[in-house]
Amino acid sequence: MEKAEIIIRKANEKDIPQLNRLLRQVLMVHHKGRPDLFRAGSKKFTDEQLQTMLLDPNTPVFVAVDARALVVGYVFCQFQRHDHDSVLTDIKTLYIEDLCVDETKRGSQIGKTLLSYVSSFAKNNGCYNIALNVWTCNQGALAFYEKCGLVPQKIGLEKIL
């Protein structure tokens, strides 16, 4: 089987409907894993929030687009610094807010391509590291990130009362 060509580019306002489709897929993964925390039928960002992020250089958003110009994946990022913090060093981090590959395209290296792209982008923009959070109920994502060489940085704990 021939591998389809995927192009990674900055997202733009015309991508919002396709970003919304993928945002709903991610939400359902989380809702199925933790229905006590995640609402069904919603999405992480409003269209207005998406428009703002797409224009803000501190919150770069990239999309993976196939030959038909269909958005088959995305990665939402945010530059973070802790300048003059009393405990943390003054490093620049590219935080990955959200990464998604269309559920019909998972396993086709699109996620790996997106992660590689943002790693290079971060390095070229003077970042020390990339960082992200992953919900433990999303075992597929956890396995994917570990396979890509990411290691736990910190662990969040909870006790449901």
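Student: Is Phe-62 buried or exposed?
Tutor: Phe-62 is buried, because its relative accessibility is 1% and the cut-off for buried is under 20%. Keep in mind that this is a predicted model.

Student: And Tyr-117, buried or exposed or in between?
Tutor: Tyr-117 counts as partly exposed, at 32% relative accessibility.

Student: How many aromatic pairs are there?
Tutor: The count comes to 7. Take Phe-38 and Trp-135 as one of them. Their ring centres are 5.0 Å apart and the planes stand at 85°, so this pair is edge-to-face.

Student: Why does that pair tie together parts that are apart in sequence?
Tutor: Because Phe-38 is in the loop between H1 and H2, while Trp-135 is in the loop between strand S5 (129-132) and helix H4 (139-147). The two parts are 97 residues apart in sequence.

Student: Which is buried, which partly exposed?
Tutor: Phe-38 is buried, with 16% relative accessible area. Trp-135 is partly exposed, at 39%.

Student: Back to Phe-62 and Tyr-117. What kind of aromatic pair do they form?
Tutor: An edge-to-face one. The distance is 5.1 Å centre to centre, with 65° between the planes. Phe-62 comes from strand S2 (residues 61-65) and Tyr-117 from helix H3 (residues 110-124). The pair links distant parts of the chain, 55 residues apart.

Student: Which residues form the aromatic cluster?
Tutor: Phe-62 and Tyr-117 belong to one cluster together with Phe-79 and Phe-121.

Student: Switching to helices. At what angle do the axes of H1 and H2 cross?
Tutor: Roughly 115°. The axes come within 11 Å of each other, and H1 passes H2 in a right-handed crossing.

Student: Which residues make the contact?
Tutor: From H1, Ile-16, Asn-20 and Leu-23. From H2, Asp-47, Leu-50, Gln-51 and Leu-54. By class, the contact has 4 nonpolar, 2 polar and 1 charged residues.

Student: Where does Gln-18 sit?
Tutor: In helix H1, which covers residues 16-33. A polar atom of the Gln-18 side chain lies 2.6 Å from the backbone nitrogen of Val-71. Leaving out residues up to four places away in sequence, Gln-18 touches Ala-69, Leu-70 and Val-71.

Student: Ala-69, then. What is its phi?
Tutor: Near 70°, a positive value in a residue other than glycine. Ala-69 lies in the loop between S2 and S3. Ala-69 counts as partly exposed, at 48% relative accessibility.

Student: What about the phi of His-84?
Tutor: His-84 has a positive phi too, about 60°, although it is not a glycine. His-84 is in the loop between S3 and strand S4 (92-101). His-84 is exposed, with a relative accessible area of 73%.

Student: Where is Asp-15?
Tutor: Asp-15 is in the loop between strand S1 (7-10) and H1. Asp-15 is buried, with a relative accessible area of 3%.

Student: What polar contact does its side chain make with Arg-9?
Tutor: The contact is side chain to side chain, at 2.8 Å. A polar atom of the Asp-15 side chain also lies 2.8 Å from the backbone nitrogen of Asn-12.

Student: Last one. Where does Gln-78 lie?
Tutor: In strand S3, residues 71-81. Gln-78 is partly exposed, with a relative accessible area of 30%.

Student: What does Gln-78 touch?
Tutor: Asn-58, Thr-59, Thr-93, Leu-94 and Tyr-95, not counting residues up to four places away in sequence. Within S3, the Gln-78 side chain makes a polar contact with the side chain of Gln-80, at 3.4 Å.

Student: How are the C-alpha atoms of Gln-78 and Asp-98 separated?
Tutor: By 9.9 Å, for residues 20 apart along the chain.

Terms used: Residues numbered from 1 in each chain as written. Predicted model: local features only at pLDDT ≥ 70, side-chain atom pairs only at ≥ 80, totals over all residues. Heavy atoms only, no water. Helix = DSSP H or I, 4+ residues; strand = E, 2+ residues; numbered from the N terminus. Polar contact = N/O pair within 3.5 Å; in protein donor to acceptor, adjacent residues only side chain to side chain. Contact = heavy atoms within 4.5 Å. Axes fitted to C-alpha atoms, helices over the stretch in contact; angles between N-to-C directions. Left-handed = near helix turned anticlockwise from the far one by under 90°. Nonpolar A, V, L, I, M, F, W, Y, C, P; charged D, E, K, R; others polar. Phe/Tyr/Trp six-rings, centres within 6.5 Å; stacked < 30°, edge-to-face > 60°. Buried < 20%, exposed > 50% of the residue type's maximum accessible area, 1.4 Å probe, protein only.
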